[in-house]
Amino acid sequence: MSTLEQAIRDRLAKLIDPNTGKDFVTEKSLRQIQIQGDRTTISIDLPYPARSQHAALTALIADSVNDLAGIGQLDIQIQSTIVSHSVQRGIPLLSGVKNIIAVASGKGGVGKSTTAVNLALALAAEGARVGLLDADIYGPSQPTMMGCAQQRPDSPDGKTMTPIEHHGVQTMSIGYLIDPEQPMVWRGPMVTQALTQLLNETRWDNLDYLIIDLPPGTGDIQLTLSQKIPVTGAVIVTTPQDIALLDARKGLKMFEKVGVPILGIVENMSMHICSQCGHAEPIFGEGGGARMSTDYHIELLGQLPLDISIRLATDAGRPSVVADPEGKVATIYKQIARRIAVKIGEKSQDFSAKFPKIVIQNT
Ligand SMILES: Nc1ncnc2c1ncn2[C@@H]1O[C@H](COP(=O)(O)OP(=O)(O)OP(=O)(O)O)[C@@H](O)[C@H]1O
């Protein structure tokens, strides 16, 4: 290793990636340093998608090494590689999907589907390949929120379905297959079967992340699903209200029971901001998510205001991250999505596909 290469490595070993809080050497994202004549190329390979961060990271790295003697013309290349991470023991990974993120809530109406759809869009905006499975079988709202309620999935082989791609996300929902006017009167085991079928019989195309919008609650359906689906981590959506928090706590316990790690809590409808005067009022209480996060040592990933623009955007089939990508709300969703991706990137990798299966036979 040349003196210059060592000097660059030493600088990057002290430089903190603001997204992970770790230096570039510890987070193993420094892939290569190439010095050819008066040209230096530094290649960074991040474990999380970060298109919106490329300019800031490039400037940060350039600033930290620019003064080194002999660096010449500096070229900083940043890319992301998302790999599969471990899931519950004994459950095989799903073909075409690297990581599954379950979005859950203890009770209905807290904004779980709105959060799931915006997180999926935020990860896609950062450059990841993303899918969204609407498992909210009693109230499939994703087709409307994603603006593709009129579409029907194709089944070229008559056995599997091609997901419907919209706003850059591959989607599947029971809502595409049933008459939305007909109430669903399915019992627990039928729901679980329908959902696992929907998940397994969709031809997910090389996804980095599949977001699953789980049915609300913590009953048998949710428990069975979390035992059958290979989940990398779960996100719990709650409002700051006590009752919603009590239910969210049950959600935490449920995932703990089946060995699914909790990536964090999203507090929705944290504060109402008056569209007329800008006055902020905590309609659903204050600080609940933060208390829960402290009590259970779980990260509070972010807080969304109760904002009419969020409802209008999802009703119109263009969720906030698509409708106003640089707006305040989209920025919060993108921050939450990045935190989730970083947390997944820190988890241990799943090597099951890389190692041969060892079978010990008794003779
Ligand atoms: N932060 C917010 N500000 C304003 N409206 C919101 C917000 N979050 C969600 N909503 C609206 O609240 C309603 C319920 O949201 P959503 O369908 O996402 O909840 P849910 O928890 O998935 O409900 P369910 O599980 O019963 O389907 C929707 O009309 C949505 O547009």
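Select lysine 107 first. Lysine 107 touches Pro216, Gly217, Ala244 and Asp247, leaving out residues up to four places away in sequence. Two residues are in contact if their C-beta atoms, placed from the backbone, lie within 7 Å. Lysine 107 sits in the loop between strand S6 (97-104) and H3. Helices (H or I, at least four residues) and strands (E, at least two) are DSSP runs, numbered from the N terminus.

Is lysine 107 buried or exposed? Lysine 107 is buried, because 20 other C-beta atoms lie within 10 Å. The cut-offs: a residue is buried if 20 or more other C-beta atoms lie within 10 Å of its own, exposed if 12 or fewer, and partly exposed in between, with C-beta atoms placed from the backbone.

A word on what is on screen. This is a predicted model, in which local features need pLDDT of at least 70 and side-chain atom pairs count only at pLDDT 80 or more, while totals for chains, interfaces and linings use all residues. Residues are numbered from 1 along each chain as its sequence is written.

**The annotated stretch**

UniProt positions are given in the numbering used here, feature names are shortened, and annotations may be inferred rather than shown by experiment.

**The ligand**

Show the ligand next. Around the ligand are 20 residues, and the closest are Gly108, Gly111, Lys112, Ser113 and Thr114. Helix H3 (112-125) and helix H9 (308-315) are the elements that give two or more residues to this shell. A residue is near a molecule if its C-beta atom, placed from the backbone, lies within 6 Å of it.

Colour the shell by residue type. The shell divides into 6 nonpolar, 10 polar and 4 charged residues. Here Ala, Val, Leu, Ile, Met, Phe, Trp, Tyr, Cys and Pro count as nonpolar, Asp, Glu, Lys and Arg as charged, and the others, Gly among them, as polar.

**Along helix H3**

Select H3. H3 has 14 residues and spans 20 Å from its first C-alpha to its last, close to the 20 Å expected at 1.5 Å a residue. The expected span is 1.5 Å times one less than the number of residues. H3 is mostly covered, with 14 of its 14 residues buried.

Pick serine 113, which is found in helix H3. Serine 113 is buried, because 27 other C-beta atoms lie within 10 Å. Which residues does serine 113 contact, leaving aside neighbours within four places in sequence? They are Asp136, Ser141, Gln142, Met145 and Asp213.

Go past the end of the helix. Glycine 127 follows H3, and its phi is positive, near 105 degrees.

**Two loops**

Go to asparagine 206, in the loop between helix H5 (188-200) and strand S10 (207-213). Its phi is near 50 degrees, a positive value in a residue other than glycine. Asparagine 206 counts as exposed, because it has 10 C-beta neighbours inside 10 Å.

Then go to methionine 269, in the loop between strand S12 (262-267) and strand S13 (272-273). Methionine 269 is not a glycine, yet has a positive phi of about 60 degrees. Methionine 269 counts as buried, because it has 25 C-beta neighbours inside 10 Å.

**Residues 5-70**

Last, select residues 5-70. UniProt places "domain: MIP18 family-like" here, in an unreviewed entry. The end C-alpha atoms of this span lie 10 Å apart, and the span is 30% helix and 29% strand.

Finish on glutamine 36, in strand S3 (residues 30-36). Glutamine 36 counts as exposed, because it has 9 C-beta neighbours inside 10 Å. Glutamine 36 and proline 47 are 11 residues apart in sequence and 27 Å apart in space, C-alpha to C-alpha.
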